[in-house]
4 protein chains.
Amino acid sequence: MSANSAANSVPHPTLIKVDPFIPADKQKGLHNRWHPDIPPIATVKPGQTFKIECVDWTGGQIGNNDCSDDVKNVDLTKVHNLSGPIAVEGTEPGDCLIVDILDVTPFEKMPWGFTGIFELENGGGLFAKEFRSRACKAIWDLNGVYASSRHIPGVRFAGVSHPGLIGTAPSPELLATWNKREGELIAAHADSVPPVAYPPEPRGAYVGQDLPKNVFEKIAKEGARTIPGREHGGNCDIKNLSKGSRCYFPVFVKGANLSVGDLHFSQGDGEMSFCGAIEMAGIITFSTSIIKGGVEKFGLKQPIFLPSPVDPMYSQKLVFEGLSVNINGDGKQFNMDASVAYKQAALNAIGYLQKLGYTREQAYLLLSAAPVESHVGAIVDSPNACVTLAVPTGIFDHDILPKPEGLTKKDFGQCAIRSDGVL
Amino acid sequence: MSANSAANSVPHPTLIKVDPFIPADKQKGLHNRWHPDIPPIATVKPGQTFKIECVDWTGGQIGNNDCSDDVKNVDLTKVHNLSGPIAVEGTEPGDCLIVDILDVTPFEKMPWGFTGIFELENGGGLFAKEFRSRACKAIWDLNGVYASSRHIPGVRFAGVSHPGLIGTAPSPELLATWNKREGELIAAHADSVPPVAYPPEPRGAYVGQDLPKNVFEKIAKEGARTIPGREHGGNCDIKNLSKGSRCYFPVFVKGANLSVGDLHFSQGDGEMSFCGAIEMAGIITFSTSIIKGGVEKFGLKQPIFLPSPVDPMYSQKLVFEGLSVNINGDGKQFNMDASVAYKQAALNAIGYLQKLGYTREQAYLLLSAAPVESHVGAIVDSPNACVTLAVPTGIFDHDILPKPEGLTKKDFGQCAIRSDGVL
Amino acid sequence: MSANSAANSVPHPTLIKVDPFIPADKQKGLHNRWHPDIPPIATVKPGQTFKIECVDWTGGQIGNNDCSDDVKNVDLTKVHNLSGPIAVEGTEPGDCLIVDILDVTPFEKMPWGFTGIFELENGGGLFAKEFRSRACKAIWDLNGVYASSRHIPGVRFAGVSHPGLIGTAPSPELLATWNKREGELIAAHADSVPPVAYPPEPRGAYVGQDLPKNVFEKIAKEGARTIPGREHGGNCDIKNLSKGSRCYFPVFVKGANLSVGDLHFSQGDGEMSFCGAIEMAGIITFSTSIIKGGVEKFGLKQPIFLPSPVDPMYSQKLVFEGLSVNINGDGKQFNMDASVAYKQAALNAIGYLQKLGYTREQAYLLLSAAPVESHVGAIVDSPNACVTLAVPTGIFDHDILPKPEGLTKKDFGQCAIRSDGVL
Amino acid sequence: MSANSAANSVPHPTLIKVDPFIPADKQKGLHNRWHPDIPPIATVKPGQTFKIECVDWTGGQIGNNDCSDDVKNVDLTKVHNLSGPIAVEGTEPGDCLIVDILDVTPFEKMPWGFTGIFELENGGGLFAKEFRSRACKAIWDLNGVYASSRHIPGVRFAGVSHPGLIGTAPSPELLATWNKREGELIAAHADSVPPVAYPPEPRGAYVGQDLPKNVFEKIAKEGARTIPGREHGGNCDIKNLSKGSRCYFPVFVKGANLSVGDLHFSQGDGEMSFCGAIEMAGIITFSTSIIKGGVEKFGLKQPIFLPSPVDPMYSQKLVFEGLSVNINGDGKQFNMDASVAYKQAALNAIGYLQKLGYTREQAYLLLSAAPVESHVGAIVDSPNACVTLAVPTGIFDHDILPKPEGLTKKDFGQCAIRSDGVL
């Protein structure tokens, strides 16, 4: 007889189970809007370790194949598909909810993820306008701690796996604040393509629970879209909020009502192409604790966190600089604009990767998905903000450093593109 | 007799010597404008190791004392005081100049540096308007690899020492581009306080060489101010372009004409308070090499670099998030603005440090000078850019982590302020 | 319909499946001796990603409970239980087998591991004689990337998960070499307790395949014990041969015949208490490739490897020194003996942890299991080798640094001990 | 007038000044034996930052040239030349002396160092017998944070600069203990070449102070040699006790009487060739503080320390394993001997470097001097201790990783050898 019997071995419970191969809006425990009236689907005690399964952020709209038509036609009214909410016993507004992100893994039956470039008119991305983006895609094979892609040969990297989206539920007042301020921005940029922000949209709204019709309709009508991060966390897409991190969330409703989704096997700082992480379905492991009155104690206006001790370490990097001057375009001078500076650093890096033989689309996808680091260098030297983008050289199986003889240009093919061949 | 005699020991030559205790405009080998007509003060061969001495960026205007009146009255027409230019034999426009930053140290006779908050009306800084800034100062004692300050007790950290400002000389065409684009920005924000940019300004212009009067006057009249970084490098204030880095500069004039100054013992990402690094006078050690035609080979639109293997490593950090919503102010929603997001993350960190007992001014100075890391988290989740600011916990001699019982507020006094006591 | 359907998602195959709750000698695909005649249980092609399940090294002899009697009575003739061998197509003696260790995880149904101190007379350990060891145990809860133990309160750390034991099969000649040289050592220390080495031992030998009786008997009679590492790899217990590593093995038999087991969730350098890692059952993910003639090409006398980019990073450490003088005992001077020096460093660390309130047994277990780093400082300063042992401070939830007022001694209880209470 | 005048700038005082070009035994403030009767040459207050200048450990016997005759003929009765002792006010036996190693730099006028292989009969080294060592030498150019050598082309690395030798003075009782135990070892190995240890030796003894003759003679007669590390610190040659470290020393005499020397620009774990670091003359910066009764409070039997946050970071390494079997020689099996295991790992690494084209002597010198990391893997798997040696790949300007086509063998010439050409 074996001493370590099943009797003394208690697996961590899985509170929400999903199937990544079934459309999200056919599954329990998912929702795709933020609203205080979405009831908790499960309740945990502080200190308990538990697991939550998540579909990928699109809810299974993107396939493991060599054509980007699914990206072209993605229905963004349905995103992000979140798992939850999870209530934590004893939590009240004004408390600080500590969430330990203990693990983030893909499903064993689905060892792959994807990175996409969305169409200018459907989703966009950082360079949607500059590149007049057409749908592209890279499929990544997930082999243990590593990812590699048949669509971007010559690279392999360890994942800094994290939830792109995690947050507590908003109070009615906070929700109203969001809708008001974002509505004003939308109104000020009414014709923008892609849009500057997304108002509540009943079409596509989903809550995977049996709710009274009027409750669901209220949620669908008022519920904040999940695209941006906000005071409660949300879609911050911070790559270093990774497995092993401890996060301190402000609590706005009784029970805190934590939701999570948009799992990323890896992502670069900035997430560049918007669907830029290695998007995956998978399993996240949590434990929680509460600090009563933590919002006041720590002056919490939004989450703070302690990053993980187990993120990938690539010490050698090639760093690109960017300033708030559009030197890759019309040369326009901006006023201390770090977003412009980030874009210039990114364009400089894309240009360099093209010299090595990657297509612009491959480079865009790669810098979105790989563990590149982008630092705000200086944001005080008027008029130029300076932002850097550091590409780890160790993720390549070939030497990318500048050489006296120049760079060797190889043929790396192309990523997955549309069936009509339009780029 | 000693075998290792002076005869076989050749010190690295010092090509420019300065005295940090003599006003900059009384010294040879310094200049404070960018212009192609500034002749090289010295010439080196590729491969040679050499040293350059630098005054601090203000040229000795700030003193080691406990009053910030010198900061209040600083004359910014005279900055930055750069050492150079150094010509590299055989370098031509279109080449890539490789510069190895081999060391950056303070003068032995001047083991201190300073961090300042400038007045709203004289220099400004990231929060000049929000804080309606009045002059403040922290003096840092430099003890080997560490800095500490009597004006900000309770912290000590290892320096990531670097030149805040390093660049090659512009061609006439490039200079004209700079002046044109910045002039247009200034014209569009004519009444801004502090100004959005700085046009050429003959007052205060200086070149520490014997030049024909008409040459000097041309330089003074046309020379670009040194405040911002630009395509040639310049005042990028990138903390990780530190000793041990290798930098690849585009070359715009024969000889490259490298200049350097604004040495920093340490700096946080962003440099926040503008005079935010630990500003110091000191010595920088270089060697150079040339890649012919490197601008074309690497697609160099601005410098790229390999960071140093010897930067400080503080693995535990407390990370603050910021979004492009002014949640620390009027709540206004911005459109994917990473500069706003950086500011919010910084204000969140300042608020936290105040809970620990640091004054707002101490916190502002500390986050400017210490090795804080600011990453662009995501810049695609409309409408909110997300930027993080990570404060290493190991630089404090007290525990700053969130605790169930809250934070312990200590009395850390105050930094150096104006003699009239105005904050 | 979901685009990412099961049809386009191929899980990595699991080539050996085991149940950690069933005794090892009732399961297929396991073996516990090294011998060239053990046939491969499965064959893979180079480039294929695959999984192997492993029981813990004792084969389920140790239970998740609060008593160490199972450790006291462990049957070491049955260890280590290895999964394999796996043949790699096309591999021949003299080749180099590249093994990518892609992942190492516990079973979902068994989220715990154990660390044991064995009895002086049954298993021993580094301080078996000094401590006159009696059985002790710590059970570790595995919560995602972290481990913590009810038997050693106040610590939590990220695992550097790895196979303690991995190797290719020996040729008959190599096996004969092992048995000869170890037999000579045993003969020279015939009465040693614990023994200095372990000769082939038919009792307890096991191969989980249907073998002709004479084949099995040959294996049982000649098969090398699995305790030590040898030229083929084997039980090297190198904590940094962790998930994410790439290892280059010499090949001695056709197919290479790779076997693996003794999975560790975490381990300190040295493994101190022998059963000193966090021993676990679990799943390892591999891929392989071949370099023909690699033994000659690289001069491979034993494996070499590239460590993982994802090992835990705890930058602050408290380092203890040890010399080849028994200063914790009789003061005897040894001659450049790094083993003695390691022991002194370890005893110095144990003494320090006792000042903090941990029992000697808890300290011994903790230093065995946590990611402590032990460096050979210097091994040339006659007569004293110097070895250091670095304890990461970040694994404690309390401050362990030396303080002017001394150390705070807390009550951390005791680890699991024998039912008769003997320590 | 400059605000930062000399008046407000106080350099850190230099308490001992030496000239690296003058023989050590002509200079004040040096000594080369450990003895309680050596009076302090200077006294400091706790909290004060101060500098100490040091000659190289041989006291200027080795020259910057291309011949190793000086190494062949080195007079080891004169080593190590230490600077000190420095008394710390208020320190008494039983206290803990905290020493902050704030900086370690070469002299500006002497930007080079050396690594030597000593003759079998004069100094030895780890492989003195195996290689039947003849004198060899590499001269290193120190260029800021980096070292490179004309005698070992193709490598450049950042220094982890540290004092090889630092310690407090022994009490008479401690000194007697040392001499007794080492004497017994010497007696037991009377004919060993090189010797196993070094007894007190009046010849060559030196104290650079005016002492009464009888005092000096007592010191010369009884004084412990400086070769090994001991309970007070001493010649531990721990590379990570580097600039930025904080060390806690036990105090044995009033004032503590700290001495330091044997500065290393860089060293690999183990120091392999004995004169294996990049030996240099230079300047060390300290500050100190006292914990009263610290020996008892912390159970200090020898120093403990906190390593520096600024050591070089090379994340990619090629790791060699070694076991306590002499597989590079006669195949003998040892009993859990980590020293043998270290040697095997080192020999495996040397063999690999030879495949790349380095000579055995170059490889031996390089592994001694570069920041290689040696970990004790496991020291419990009877009979084989396992030790690893990790060579950072980033220190080479060529690719050293195993490749399918094998390794590219280049011609790197040879290090400096004897004028008679004997190797």
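Which residue is the bridge partner of C:F320 in β21(C)?

**Before you start.** Residues are numbered from 1 along each chain as its sequence is written, chains are lettered from A and ligands numbered from 1 in the order in which they are written. In this predicted model, local features need pLDDT of at least 70, side-chain atom pairs count only at pLDDT 80 or more, and totals for chains, interfaces and linings use all residues.

**Stop 1: strand β19 of chain C.** Select residues 317-323 of chain C. Helices (H or I, at least four residues) and strands (E, at least two) are DSSP runs, numbered from the N terminus. Seven of the seven residues of β19(C) are buried, so the strand is largely enclosed by the rest of the structure. Buried means that 20 or more other C-beta atoms, placed from the backbone, lie within 10 Å of the residue's own. C:K317, C:V319, C:E321 and C:L323 point one way. C:L318, C:F320 and C:G322 point the other way. In a regular strand the side chains alternate between the two faces of the sheet.

**Stop 2: the neighbour within chain C.** Pairing requires at least two bridges found by DSSP. Here is the partner of C:F320: C:L389.

**Stop 3: across to chain D.** Now show β18(D), residues 304-306. Two bridges join β18(D) to β19(C), and the strands run antiparallel. In β18(D), C:F320 has D:I304 as its bridge partner. C:V319 stands opposite D:F305.

**Stop 4: the whole C–D interface.** Colour the contacts: 84 residues of chain D meet 83 of chain C. Two residues are in contact if their C-beta atoms, placed from the backbone, lie within 7 Å. On chain D's side, helix α6 (residues 338-355) gives the largest share, seven residues. That side divides into 42 nonpolar, 25 polar and 17 charged residues. Ala, Val, Leu, Ile, Met, Phe, Trp, Tyr, Cys and Pro count as nonpolar, Asp, Glu, Lys and Arg as charged, and the others, Gly among them, as polar.

**Stop 5: chains C and A.** Switch to chain A. Here 44 residues of chain C are in contact with 44 of chain A. On chain C's side, β6 (96-106) and β17 (282-291) each supply at least two residues.

**Stop 6: the axis.** A rotation of 180° with 0.0 Å of shift along its axis superposes chain C on chain A, RMSD 0.0 Å. That is the relation of a two-fold axis. The superposition is by least squares on the C-alpha atoms of residues with pLDDT of at least 70 in both copies. Finish at C:V310: in chain C, its C-alpha is the nearest to the axis, 2.8 Å away.

Key:
A residue is buried if 20 or more other C-beta atoms lie within 10 Å of its own, exposed if 12 or fewer, and partly exposed in between; C-beta atoms are placed from the backbone.
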